[in-house]
Amino acid sequence: MLRGRFFRRRRPRPARPASVLQTLYGRHPHAASALRRPRGLQIVPIEQIVGTTRQPSQNTADFLPLPGLRGRNWEARWQRIQRAVDKLAILPAVELVKVGDEYYVADGHNRV
């Protein structure tokens with residue numbers, strides 16, 4: 001029986017850890033006690049959306065769900081949003097919290 005490198009099982013490479021989306025309260029610990037003012041609907045450049053209000057974050061830096069939290073239907077949710085965008089359907093507004101020049105997502109992580 002031949003043995004050697006061609007017959008060895010390769011170990012799977014460990015997955016590279018996903019970069020976790022920063023949280024508002026991790027970056028600004030006293031934000032929970034800050035006054036909030038509704039600002040109405042506004043257009044916000046995507047580059048200014050830098051994090052989440054969820055503590056702890058459930059998303060990677062590119063707003064995908066963390067690998068350990070991806071349920072059976074997470075891809076279908078993204079596909080539904082993509083189909084709505086393709087049809088030019090109106091989606092609900094994303095709820096953001098503004099701190100300085102940065103925005104943190106309170107609701108609408110998948111839509112971002």
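Reader: Hi! I'm new to this one. Which residue lies over the face of W74?

Author: Welcome! That is R70, which lies over the ring face of W74, at 4.6 Å from the ring centre. Keep in mind that this is a predicted model.

Reader: Thanks. Where is the place of R70 in the chain?

Author: R70 sits in the loop between β2 and α2.

Reader: And is R70 buried, exposed or partly exposed?

Author: R70 is partly exposed, because its relative accessible area is 29%, and the range for that class runs between 20% and 50%.

Reader: How far apart are R70 and Q58, in sequence and in space?

Author: Along the sequence, R70 and Q58 are 12 residues apart. In space, their C-alpha atoms are 9.7 Å apart.

Reader: Let me step back a bit. How many helices and strands does the protein chain have?

Author: The protein chain has two helices and four strands. Read along the sequence, they follow the pattern β-α-β-α-β-β.

Reader: Nice. What percentage of the residues in the protein chain is buried?

Author: Buried residues account for 23% of the 112 residues in the protein chain.

Reader: Back to that loop between β2 and α2. What kind of peptide bond joins Q55 and P56?

Author: Q55 and P56 are joined by a cis peptide bond, with omega at about 0°. P56 belongs to the loop between β2 and α2.

Reader: What do most peptide bonds look like, cis or trans?

Author: Most peptide bonds are trans, and most residues other than glycine have a negative phi.

Reader: Is F63 buried or exposed?

Author: F63 is buried, because its relative accessible area is 8% and the cut-off for buried is under 20%.

Reader: What about L88, what is its phi?

Author: L88 has a positive phi of about 60°, and L88 is not a glycine either. L88 is found in the loop between α2 and β3.

Reader: Buried or exposed, for L88?

Author: L88 counts as exposed, because its relative accessibility is 75% and exposed means over 50%.

Reader: OK, side chains now. What joins the side chains of T60 and D62?

Author: A polar contact of 2.3 Å joins the side chains of T60 and D62. T60 is in the loop between β2 (49-52) and α2 (74-86).

Reader: Why does T60 count as buried?

Author: T60 counts as buried because its relative accessibility is 4%.

Reader: And H109, with which side chain does it make a polar contact?

Author: The side chain of H109 makes a polar contact with the side chain of T52, at 2.6 Å. H109 lies in the segment after β4 (102-107), and H109 counts as buried because its relative accessibility is 3%.

Reader: Changing topic: how much space lies in the largest pocket?

Author: The largest pocket holds about 760 Å³ of space. Its lining has 25 residues, and R39, L96, V97, K98 and Y103 lie nearest its centre.

Reader: Which strand gives the largest share of that lining?

Author: That is strand β3 (residues 95-99), with five residues in the lining of the largest pocket.

Reader: How do the lining residues divide into nonpolar, polar and charged?

Author: The lining of the largest pocket has 16 nonpolar, three polar and six charged residues.

Reader: And how much space lies in the second largest pocket?

Author: About 150 Å³ of space lies there. The second largest pocket is lined by W78, I81, Q82, V85, L91, P92, V94 and R111. By class, that lining has six nonpolar, one polar and one charged residues.

Reader: V94 and R111 are both on that list. What distance separates their C-alpha atoms?

Author: The C-alpha atoms of V94 and R111 are separated by 7.1 Å, while the two residues are 17 residues apart along the chain. V94 lies in the loop between α2 and β3, and V94 is partly exposed, with a relative accessible area of 29%.

Reader: Last one: how many aromatic pairs does the count come to?

Author: The count comes to zero aromatic pairs.

Key:
Residues numbered from 1 in each chain as written. Predicted model: local features only at pLDDT ≥ 70, side-chain atom pairs only at ≥ 80, totals over all residues. Heavy atoms only, no water. Buried < 20%, exposed > 50% of the residue type's maximum accessible area, 1.4 Å probe, protein only. Polar contact = N/O pair within 3.5 Å; in protein donor to acceptor, adjacent residues only side chain to side chain. Phe/Tyr/Trp six-rings, centres within 6.5 Å; stacked < 30°, edge-to-face > 60°. Lys NZ or Arg CZ within 6 Å of the ring centre and 35° of its normal. 1 Å grid on protein atoms, 1.4 Å probe; cavity = no way out; pocket = protein on both sides within 12 Å on 5 of 7 lines; lining within 4 Å. Points joined across faces, edges and corners; volume = space filled by probe spheres on them. Nonpolar A, V, L, I, M, F, W, Y, C, P; charged D, E, K, R; others polar.
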